[in-house]
Structures are given as structure tokens and as C-alpha cells.
Amino acid sequence: MKSSTHWRTTRVESLRDMTPTVREFTLRPQDAHDISADWSPGSHIEVELLREGRPIRRSYSLVGRPDGECFRIAVKRLEAGQGGSRAMWQLAVGDRLQVNGPRNHFGLDLHAPAYLLVAGGIGITPMLHMTQHLQAKAGHAPLRLVYGAHEAAEIAYRPLLRELLGDSFAEFVASEGRHIDIAAEIEALPPGGQMYVCGPVPMLDAVRRQWAASGRPVAELRYETFGTSGRFAPQPFRVEVPRQRIDIVVPADSSMMDALHAVGVQTLHDCKRGECGLCAVDVLALDGEIDHRDVFLSEHEKAGNRRICTCVSRVVGSIAIDSAYRPD
Ligand code: FES
């Protein structure tokens, strides 16, 4: 997938609240570069924000079709998050924001005989362009989109989804006792059909389990997550790195990776979303529980607690690790 890797300055062109906690940002690049070429279904951009004077980077899926002029992203405000969404929500029209990309780690295969798209919460963002792109193909393959949210008011882009998909769009609101029946959805997908999922880790774990149980090919399930959804609310925890005689406390509003980097303990990394596994380090000792928030380690590996993905996973208690990073 083609990608652009240089940082460019954008200006916040407009803001639109899609739900009480989801805000859409339209960002106009200051250079004249045409941004459409690298903007494919499933692609995202990285933004650089300041949190308490320190730069932090976050990835956000691009929303909808490119117009050749502006990026569009939507950000869910998380009070218990690590500060990225709160920093985004503090932006006003006219503010400047550094942006890198687009890149795509969630590419869409256009040759499947049928598609099932599943979104959980803010995971709807990459699905919009996927839907539009698939439907733009002449005689397009059958497509169904199911969208789960905690509250009805949190279904973002509902009018557009209904207009695009009609009866092929279904929403499931947990507070109304309606949950996605993942096994039934997979069962209804025609043979050879592909499933694309973007949602919190528990949703992806459930999908992976059901997909494996269905006996369908692994390659026909594609997914992306956001590492903000754990079993426990973020809280400070202690990390020791005996090899480097480091003993730190990771604050509630910082990732373990960022806290380690701040004291000079480097870890390999790429996605920072719990997907690539590059940042996984060995666990030497654990006093408490690991809140695994990645989708890289298998459920068996997570249960064994021998490795932890530092970009998204957290601990309740304390942990000793050995960084896999070895500078030459
Ligand atoms: S950097 Fe990719 S899983 Fe952590």
C-alpha cells in the first residue's frame, strides 16, 4: 500500500460534533500537495499533540472519501484515556496541527464475493470509506455493516449509514440489551466472504474466537483496534527493568512505552496500537495482573503473562521486564 511519510502542517478548518463524545475534525494542509493519492479505504494519519508541554502522537482513521483538499478524522473523547483525545478536543478552528501520512495497515481487498463490516464504538471511522468504496463498484458484492455502541446517542454517522446501506445496516445498543451476535453474523456471511472489524480489544477477541470456530480461512478476517479499552481503568503501576537498574511508576495518563522511553529504556515499536507486536517485552516477574490491550498476542499467550505489549497494555500492581531492545 502506498504511503506518505513526511510531516506537514495542517490548520483546523472545521469541527463537527457527531455525538456527545465524538467530534469530527477537518484539517487543511498548508502545502499544496494533493492528499487523495495516499488516502485509501482503511488508511489513517498520525497527529502530533502537546500534553503538558510534551509531544505525543496518536493515529486516527480517515473518515469518508477524500476530497483532495482536507483530511477528516473523528475522535472520541475519553476522560480516562492518556490525554490524546482531550488534547484533540481542546483544538479550535484555526489551530495548527502536525500530521503524518496517510498510511494504511487495514487495506480493503476489492475481490471478495461478500463483505461483513463490524464496528464497535469509534471503530466506525474506517468503515465509512470502506462502505463508500465498495458501493461505488459497479455490480458490487453484497455488503452488511453492523455497529455496536453502549448508548443510542453514541451511534455516529447514523443518517449517512442508513442512506448508504438501508437494510444492510444494523445497530446494536448495549444499554437497550441489544448485542451483536457475532456467531450468527459470521454464519450468514456467504462462503469466501471477508470480515473487517474495528473495535475494542474484547470485541476483537470474541470475533477471532468465533471466526476460528467457524473454520473460515484466517486471511479472510481483517481487523484493527484501538488500545484504549482494557478490563481495568488506567491507574499508576510500577515497572522495574533490572538489566538497566530502572524502577519507575507509569502514571495513569501515560503508556508504559512512553514512560520507559522517558527514562531512556527504548523498545522497538511501529503501530503503537497493539497490533504489530514489535514492542512486546519479556515479563520477568509480576505482582498483580496484566491488562492485555493488544490484539497481537494470542489468548494463550495473554493467559501465560510471559510477554506484554508496552504500547497499549497496562498492569494493576507491579511488573519486572526485560527490554528486548539491544542498541548495537
Ligand atoms: S508498537 Fe505495535 S504492538 Fe506495540
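This is a predicted model: local features need pLDDT of at least 70, side-chain atom pairs count only at pLDDT 80 or more; totals for chains, interfaces and linings use all residues.

**Exercise 1. Where does Asn305 lie, and what is its phi?**

Solution. Start with the place: Asn305 sits in the loop between helix 7 (299–304) and strand 15 (307–309). Next, look at the backbone: its phi is positive, about 55°, although Asn305 is not a glycine. As background, most residues other than glycine have a negative phi. Last, check the surface: Asn305 has 24% relative accessibility, so it counts as partly exposed.

**Exercise 2. Find the two residues joined by a cis peptide bond.**

Solution. Go to Gly101 and Pro102: the bond joining them is cis, with omega at about 5°. Now place the proline: Pro102 belongs to strand 6 (residues 96–103). For context, most peptide bonds are trans.

**Exercise 3. Describe how helix 2 packs with helix 3.**

Solution. Two packed helices are described by the angle between their axes and the distance between the axes. Step one is to get both values: helix 2 (residues 125–136) and helix 3 (residues 158–165) pack at about 20°, and their axes are 11 Å apart. Step two is to name the arrangement: angles under 35 degrees count as roughly parallel, so helix 2 is roughly parallel to helix 3. Step three is the handedness, and this crossing is left-handed. Step four is to list who takes part: helix 2 brings Leu128, Thr131, Gln132 and Gln135, while helix 3 brings Leu160, Leu161, Leu164 and Leu165. Step five is to sort these contact residues, which gives five nonpolar, three polar and no charged.

**Exercise 4. How many salt bridges does a search of the whole structure find? Then look at a few of them.**

Solution. The search of the whole structure finds 20 salt bridges.

- Take Asp31 and Arg8, whose side chains meet at 3.4 Å, N to O. Asp31 is in the loop between strand 2 (22–29) and strand 3 (44–51) and Arg8 is in strand 1 (residues 7–19), so the pair ties together parts 23 residues apart in sequence. Asp31 counts as partly exposed at 33% relative accessibility, whereas Arg8 is buried with a relative accessible area of 3%.
- Now try Arg23 and Asp17, which form a salt bridge of 2.6 Å, N to O. Arg23 counts as buried at 15% relative accessibility, and Asp17 is partly exposed at 46%.
- Move on to Glu171 and Arg158, with a salt bridge of 3.0 Å, N to O. This pair links distant parts of the chain, as Glu171 is in strand 9 (residues 169–173) and Arg158 in helix 3, 13 residues apart. Glu171 is buried, its relative accessible area being 16%.

Conventions. Residues are numbered from 1 along each chain as its sequence is written. Side-chain values use heavy atoms; hydrogens and water are left out. Axes are lines fitted to C-alpha atoms, for helices over the stretch in contact, and angles run from 0 to 180 degrees between N-to-C directions. Helices (H or I, at least four residues) and strands (E, at least two) are DSSP runs, numbered from the N terminus. Angles under 35 degrees count as roughly parallel, over 145 as roughly antiparallel, 65 to 115 as roughly perpendicular and the rest as oblique. A crossing is left-handed if the near helix is turned anticlockwise from the far one by less than a right angle, and right-handed if clockwise. Contact means heavy atoms within 4.5 Å. Ala, Val, Leu, Ile, Met, Phe, Trp, Tyr, Cys and Pro count as nonpolar, Asp, Glu, Lys and Arg as charged, and the others, Gly among them, as polar. A salt bridge is a side-chain nitrogen of Lys or Arg within 4 Å of a carboxyl oxygen of Asp or Glu. Buried means under 20% relative accessible area, exposed over 50%, partly exposed in between (1.4 Å probe, protein chains only).
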